[in-house]
Amino acid sequence: MADIAKLVEDLSKLTVLEAAELAKALEEEWGVSAAAAVAVAAPAGGGDAGPAAEEQTEFDVILTGDGGKKIQVIKEVRAITGLGLTEAKALVEGAPKAVKEGVAKAEAEEIKKKIEEAGGTVELK
């Protein structure tokens, strides 16, 4: 049990970008994702929900470019995510990258609007 506590402690120290990289590595290694687990679990209690009722409710906000206004986009990404300067800069420079994942449609559209106003380009998935 002490090993699990140590693992939890170590994982708690990860930055948001490091946690995202860890999640991606685990998805590649095991072929699963946390989002897929949530999506599979959700219909279980839904009863007779047909394919037409499966409207997308969670969106990923993907930064696709800085539009030549990198500093403004970095500032906006920091405000949205709470990342430090180095992490936000790495996210913007590494585009396309997810700014936020699994957010409601209204929040995703609001984030997209803010980043586009700062000069960046965004895609919702």
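Two residues are in contact when heavy atoms of theirs lie within 4.5 Å. Among contacts in this chain between residues at least 6 apart in sequence, 69% join residues at least 24 apart. The model is a predicted one, in which local features need pLDDT of at least 70 and side-chain atom pairs count only at pLDDT 80 or more, while totals for chains, interfaces and linings use all residues. Residues are numbered from 1 along each chain as its sequence is written, and side-chain values use heavy atoms, with hydrogens and water left out.

The chain has 6 helices and 3 strands. Here helices (H or I, at least four residues) and strands (E, at least two) are DSSP runs, numbered from the N terminus. Read from the N terminus on, the order of elements is α-α-α-β-α-α-β-α-β. Of the 125 residues in the chain, 18% are buried. A residue is called buried under 20% relative accessible area, exposed over 50%, and partly exposed in between, using a 1.4 Å probe and protein chains only.

We start with the sheet. Strands of a sheet pair through backbone hydrogen bonds, either parallel or antiparallel. In this model, 3 strands form an open sheet in the order 2-1-3, with antiparallel pairing. Strand 2 and strand 3 stand at the edges with a single partner strand each, so one side of each is left without a neighbour in the sheet. On average, neighbouring strands of this sheet are turned by 20° against each other, direction ignored. Two strands count as paired if DSSP finds at least two bridges between them. Strand 1 and strand 2 are joined in the antiparallel sense over 4 bridges, and 4 bridges also join strand 1 to strand 3 (residues 121–124). Val-61 stands opposite Lys-100 in strand 2, and its bridge partner in strand 3 is Leu-124. Gly-65 has Thr-121 as its bridge partner in strand 3. Strand 1 is mostly covered, with 5 of its 7 residues buried.

Next comes the core. A nonpolar core is a set of buried Ala, Val, Leu, Ile, Met, Phe, Trp, Tyr and Cys residues joined through side-chain atoms within 4.5 Å. The largest nonpolar core holds 19 residues, and those touching the most other members are Val-61, Leu-63, Val-73, Val-77, Leu-91, Val-99 and Ile-115. Two or more residues of this core come from each of strand 1 (59–65), helix 4, helix 5 (85–93), strand 2 (97–103) and helix 6 (105–118). Leaving out residues up to four places away in sequence, the contacts of Leu-63 include Val-73, Leu-91, Val-99, Ile-115 and Val-122.

How do the helices meet? Two packed helices are described by the angle between their axes and the distance between the axes. Axes are lines fitted to C-alpha atoms, for helices over the stretch in contact, and angles run from 0 to 180 degrees between N-to-C directions. The axes of helix 4 and helix 6 come within 8 Å and cross at roughly 155°.

For helix 4 and helix 5, the axes come within 9 Å and cross at roughly 120°. Helix 4 is therefore oblique to helix 5. Lys-70, Val-73, Ile-74, Val-77 and Arg-78 in helix 4 meet a set of residues in helix 5 that includes Leu-85, Ala-88 and Leu-91.

Ile-74 lies in helix 4 (residues 70–81). Is Ile-74 buried or exposed? Ile-74 counts as buried because its relative accessibility is 8%. Apart from neighbours within four places in sequence, Ile-74 is in contact with Leu-85, Ala-88, Lys-89 and Val-92.

Two further places complete the tour. A cis peptide bond, with omega about 5°, joins Ala-95 and Pro-96. Most peptide bonds are trans. Pro-96 is found in the loop between helix 5 and strand 2. Glu-107, in helix 6, is partly exposed, with a relative accessible area of 33%. Glu-107 and Glu-58 are 49 residues apart in sequence, and their C-alpha atoms are 9.8 Å apart in space.

Methods. Angles under 35 degrees count as roughly parallel, over 145 as roughly antiparallel, 65 to 115 as roughly perpendicular and the rest as oblique.
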